[in-house]
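Open the model in your viewer and keep the sequence panel beside it. The tour below goes from one selection to the next.

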Amino acid sequence: MTPDQPTVVVRMADAGDVYMSWRWAGDTAPRGAAMLPGEPVLAAVRRLADALPHPAEPGGLERSLTTGAFAAHDTEYLVAQALSRALLPQGLAAQLYELSQRGVRPHIRLQPSPRVAQVPWELIAPGPEVRLIDIADVSLLAPASIVHAPERMSRSWTETQHAPVVALLDPRIPGFRADSTLGSVLGRMAADAPLTQRIAGYAAQDRLQPAVVDPTEVFRRTDIDRSWLSKALRDGASRLVYVGHVTAAPPESGQSEDAELHLPCTADTLGFAVPNRTHRPLSAKDFLLGTHTLAAEPTDGREVWPIPSRVALIACESGGDLRFTEALGLTAAMINNGAELVTASRWPLPTDLAFHRIAGAPAPAHPLQDAICAIDAAHEQPDPVTALAHWQRERLQAWRTERTIEHSPLLWSAFATLCT
């Protein structure tokens, strides 16, 4: 965010209907509040949910990429329009329109209610052929209870930006083949692949952990388990980038802390998550509690895994804890353990292989790799939120003009950035 960029903080709450309030920093515009009727909100959210990938359902991923609303521009726009009508109150819309007429793009800092946590606010259409990302930069507010926790220690980007990038890229999970449920998300990585080339840059600067000679060796590793991660973070890091699998707890469970990140940890590894075959996942509860109740002399999670300033969790529903009343999932754990900013996914992500085999995307297209590279590049910038918004506007323009599946917001609008 630039120093002179207007900022509006928007907060939402579920109480039958949805209640919204907004306040402009410095009171540069009037505050506002609105009651959003519950039925239209539910209808719009259901419409969105029907368009999203559901890999666990038979044909759920195929539908989203071929016949779902996000598979074509015109049907996706109708979803965006319905979301805007249900969720953007007239008073706030008028203030945003007035700024856009002056050529001013504000920063919207949004705290969604659990009911609307999956909504891609960047996409909603407040006017004909206008999306919110056209006229504003959007980020999400991290839960205040986590940000203001008395023992939390935040790590500053300005002080750590030259430290190594810790990269956990498509780790190999014990007991799971490459083509299984916890298999490879990137496939075989060539030396000239976009993500490999980006990683090569960090290796050349001696800023990459794990340290490798051949950049392709950073993918599908078996040694980057939770113990390795702990040491790498305690040795000092500027950023953490994870590309792989996250298993999100269902919102109806009420147990957001059960969200699991998958590393090459064997079943005999100490941790709170229940083993899956020969593998024990690393849960949000592990990050939060460390070895509390698990070891005779327990260590706090913030000491075991001191999280760096910026984190990218590029995995299915890695940001799913916002769907819970008590958000204590992986994004909250990252912030609790030191992060200032976390980019995560609102819903399951199609792989490049799915785009090619199911949706018929052209061979040169690598939507997931391109998204990883864009998020990674933005996290190197002084203002990641503005950089990510710029990338999303580029993706939106490509979707408007090309209208082909590799440009669909099914992938690029899944990502949201939480800031403290």
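**Stop 1: Leu132**

Select Leu132 and show what surrounds it. Not counting residues up to four places away in sequence, Leu132 touches Leu96, Ile108, Trp121, Glu122, Ile124, Pro126 and Val138. This is a predicted model. Leu132 lies in helix α5, which covers residues 132–135. Is Leu132 buried or exposed? Its relative accessible area is 3%, and under 20% counts as buried, so Leu132 is buried. Leu132 and Trp121 are eleven residues apart along the chain, and their C-alpha atoms are separated by 6.8 Å.

**Stop 2: Phe272**

Phe272 has a relative accessibility of 22% and counts as partly exposed. Which residues is Phe272 in contact with, leaving aside its neighbours within four places in sequence? They are Ser283, Lys285, Asp286, Leu289, Gly290, His292, Thr293 and Leu294. Pick Lys285 from that list: Phe272 and Lys285 are 13 residues apart in sequence, and from C-alpha to C-alpha they are 6.8 Å apart in space.

**Stop 3: two helices**

Select residues 194–204, which form helix α8, and residues 367–378, which form helix α14. The axes of α8 and α14 come within 8 Å and cross at roughly 30°. Angles under 35 degrees count as roughly parallel, and α8 and α14 are therefore roughly parallel to each other. Show the side chains where the helices meet. From α8, the residues are Pro194, Leu195, Arg198 and Tyr202. From α14, they are Gln369, Asp370, Ile372, Cys373, Asp376 and Ala377. Sorted by class, this contact has six nonpolar, one polar and three charged residues.

**Stop 4: backbone details**

Turn now to the backbone. Most residues other than glycine have a negative phi, and most peptide bonds are trans. The next selections depart from that pattern.

- Select Gln209 and Pro210. A cis peptide bond joins Gln209 and Pro210, with omega at about 10°. Pro210 is in the loop between β7 (208–209) and α9 (226–234).
- Select Asp27. Its phi is near 50°, a positive value in a residue other than glycine. Asp27 is in the loop between β2 (17–24) and β3 (32–36).
- Select Glu317. Its phi is near 55°, which is also positive in a residue other than glycine. Glu317 is in the loop between β12 (310–314) and α12 (330–336).

**Stop 5: the whole chain**

Clear the selection and zoom out. How many helices and strands does the protein chain have? Its secondary structure comes to 16 helices and 14 strands. The radius of gyration is 21 Å, close to the 22 Å that the globule rule gives for 420 residues, so the chain is as compact as a globular protein of that length. Along the principal axes, the C-alpha atoms fill a box of roughly 55 × 50 × 40 Å.

Of the 420 residues, 56% count as buried. The accessible surface comes to about 17,600 Å², and 53% of this surface belongs to carbon and sulfur atoms. Finally, consider contacts between residues at least 6 apart in sequence: 71% of them join residues at least 24 apart.

Terms used: Residues numbered from 1 in each chain as written. Predicted model: local features only at pLDDT ≥ 70, side-chain atom pairs only at ≥ 80, totals over all residues. Heavy atoms only, no water. Axes fitted to C-alpha atoms, helices over the stretch in contact; angles between N-to-C directions. Helix = DSSP H or I, 4+ residues; strand = E, 2+ residues; numbered from the N terminus. Parallel < 35°, antiparallel > 145°, perpendicular 65-115°, else oblique. Contact = heavy atoms within 4.5 Å. Nonpolar A, V, L, I, M, F, W, Y, C, P; charged D, E, K, R; others polar. Rg over C-alpha atoms; globule rule 2.2 N^0.38 Å. Buried < 20%, exposed > 50% of the residue type's maximum accessible area, 1.4 Å probe, protein only. Areas by Shrake-Rupley, 256 points an atom, 1.4 Å probe, with all protein chains shown as cover.
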